[in-house]
Amino acid sequence: MATLLAKNADILVTMDGARREIAGGGIFARDGMIEAVGLSETLPASADRVIDLSGHVVLPGLVNCHHHLDQTLTRNLPAAQNTNLFRWLKAHYRIWGARTPEASRTATLVGLAELALSGCTTAFDHAYVFRNGCRVDDQIAAAREIGMRFMVSRGSMSLGESRGGLPPDSCVELEDDILADSERVIGAYHDAAPGSMLQIALAPCSPFSVSAELMRESATIARRHKVRLHTHLAETIDEERYTLERFGKRPVAYMEELGWLGDDVWFAHAVHVKDHEIGCFAGSGVGVCHCPSSNMRLASGIAPVKAYRRAGVKVGLGVDGSASNDGNHMLGEARQAMLLARLQISLRPPEGPDTALSTSDPSRDPEWMTAREALELATLGGASVLGRDDIGALEPGKCADFTAFRLDDLAFAGGLSDPVAACLFTGPHRAGWTVVHGKPVVERGAIITIDLPAVIAEHNRHAARLAALSS
């Protein structure tokens with residue numbers, strides 16, 4: 001069984017129960033699982049692989065709870081640069097429908113490589129356009145190729161324009177085909193064991209692209225196989241209007257009617273919610289994935305993250321699709337979450353708090369999101385949203401997933417009075433090391449598991465073909 005010793009970190013952030021930050025800290029792992037964390041001199045003196053992390057700050061591997069890796073193929077599309085969600089989707093649907101398995105492979109590798117270089121070790125992907133020969137299997141193979149811990153959905157769209165949905169009929173599938181493939185993917189790939197590198201979720205895309213019947217049947221299959229459920233919810237005012245007009249209910253009430261409020265469910269975005277709906281999430285155990293960059297890019301709004309946390313709702317972070325963010329920087333997403341929460345406390349109701357007090361009033365100090373709170377969202381928060389207790393922190397019994405940033409990099413200059421907070425306040429930062437299950441994916445600032453230049457070149461060829469379809 002292979003052993004790993006990572007030692008001499010200037011600061012090692014554990015995110016354990018005591019939230020220890022250990023100067024001169026290190027980790028000893030065996031077969032991908034942590035056996036000991038503490039001062040480097042207290043750990044075993046040797047291992048099969050020894051990494052000296054002198055001059056680094058070490059964090060638990062970051063956890064990305066919502067993504068669309070295939071959208072890396074359509075970043076910065078001119079027709080979708082200055083639009084909100086519904087118009088943005090209509091500009092993309094047919095283009096995504098034209099991708100190929102080969103294009104999906106390179107998109108997955110490019111997105112995961114960017115994530116790894118930003119400190120991410122676990123990524124969830126929401127794929128849902130499959131009438132083109134592409135399958136979830138393509139992304140799974142790519143994730144194995146690069147060595148990332150992966151959770152992927154057998155997503156779906158079944159409600160085309162002719163039946164009152166948003167996507168074109170050419171991009172939706174028959175529901176019987178969706179359900180059959182959901183069963184296949186779960187049976188072929190889902191691994192529920194501690195330390196799992198691959199898990200499956202079922203994820204009908206959104207209330208405006210699937211039927212109520214598909215939502216219910218997907219939940220039935222997921223619960224029979226004990227896999228998690230995911231969808232977009234309450235992302236925009238347009239969606240709220242859609243569910244009110246079509247179902248006579250707000251999005252959260254519609255989910256409740258479908259049996260989609262439970263501790264095996266997490267929603268992406270959840271921006272437009274009322275106080276009693278936050279209480280519904282907390283009471284049922286629903287999780288939320290906050291996607292700040294995408295919400296700003298598409299002018300969707302600001303999710304009430306601090307209110308969620310006060311209520312006890314599980315909250316993680318997602319970079320969301322690369323075409324609604326145009327990047328895959330997970331540490332940067334944590335920074336955006338911190339900054340957007342701070343912006344929110346200065347706004348007037350309904351977007352901001354109902355108070356006349358200035359933000360300079362000391363009684364409002366608890367409203368400020370701190371750098372460490374944002375890091376917790378990106379680590380422990382993400383782990384809880386994905387239903388995993390084996391990632392998100394550096395402590396014995398958890399996976400040896402961590403990332404390390406060089407403190408002598410330009411971006412840290414002048415910020416070393418608090419290196420941990422500097423990970424959020426300064427930047428952007430590029431990981432020096434990203435280790436997944438005890439194996440480096442990033443080493444000394446470079447991806448080492450794939451030929452990244454060759455992948456980028458192929459990816460750009462696929463992206464150019466798709467971009468031509470929009471003109």
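User: Is Arg388 buried or exposed?
Analyst: This is a predicted model. Arg388 sits in the loop between α12 and β14 (402-406). Its relative accessible area is 9%. Buried means under 20%, so Arg388 counts as buried.

User: Which side chain makes a polar contact of 2.8 Å with the side chain of Arg388?
Analyst: Arg388 has a polar contact with another side chain. The two side chains are joined at 2.8 Å. The partner is Asp390.

User: What is the radius of gyration of the chain, and what would a compact globule have?
Analyst: The chain has 471 residues.

User: What box do the C-alpha atoms fill?
Analyst: The box is taken along the principal axes. Its dimensions are roughly 65 × 55 × 45 Å.

User: How many helices and strands are in the chain?
Analyst: Both kinds of element occur in the chain. One of the helices is α14, residues 452-468. One of the strands is β11, residues 265-269. The counts are 14 helices and 17 strands.

User: Among contacts between residues at least 6 apart in sequence, what share joins residues at least 24 apart?
Analyst: Take the contacts in the chain between residues at least 6 apart. The share joining residues at least 24 apart is 74%.

User: What part of the accessible surface belongs to carbon and sulfur atoms?
Analyst: Buried residues make up 60% of the 471 residues. The accessible surface of the chain comes to about 17400 Å². Of that surface, carbon and sulfur atoms hold 52%.

User: How far apart are the mean positions of the positive and negative charges?
Analyst: The chain carries 46 positive and 57 negative charges. Their mean positions are separated by 1 Å.

User: Where are the peptide bonds from Pro349 to Pro350 and from Gly427 to Pro428, cis or trans?
Analyst: Pro350 is in the loop between α11 (330-344) and α12 (371-385). Pro428 is in the loop between α13 (419-425) and β15 (433-436). Omega is near 10° for Pro349 to Pro350, a cis bond. For Gly427 to Pro428, omega is near 10° and the bond is cis.

User: What is phi of Asp31?
Analyst: Asp31 lies in the loop between β2 (21-30) and β3 (33-39). Asp31 is partly exposed, at 45% relative accessible area. Its phi is positive, although the residue is not glycine. The value is near 55°.

User: What is phi of His269?
Analyst: His269 belongs to strand β11. His269 is buried, at 0% relative accessibility. Phi is again positive in a residue other than glycine, near 85°.

User: How far apart in space are Ile456 and Ala307?
Analyst: Ile456 lies in helix α14. Ile456 is partly exposed, with 39% relative accessibility. Ile456 and Ala307 are 149 residues apart in sequence. From C-alpha to C-alpha, the distance is 41 Å.

Note on methods. Residues numbered from 1 in each chain as written. Predicted model: local features only at pLDDT ≥ 70, side-chain atom pairs only at ≥ 80, totals over all residues. Heavy atoms only, no water. Helix = DSSP H or I, 4+ residues; strand = E, 2+ residues; numbered from the N terminus. Rg over C-alpha atoms; globule rule 2.2 N^0.38 Å. Buried < 20%, exposed > 50% of the residue type's maximum accessible area, 1.4 Å probe, protein only. Contact = heavy atoms within 4.5 Å. Areas by Shrake-Rupley, 256 points an atom, 1.4 Å probe, with all protein chains shown as cover. Lys, Arg positive; Asp, Glu negative; His and termini not counted. Charge placed at Lys NZ, Arg CZ, Asp CG, Glu CD. Polar contact = N/O pair within 3.5 Å; in protein donor to acceptor, adjacent residues only side chain to side chain.
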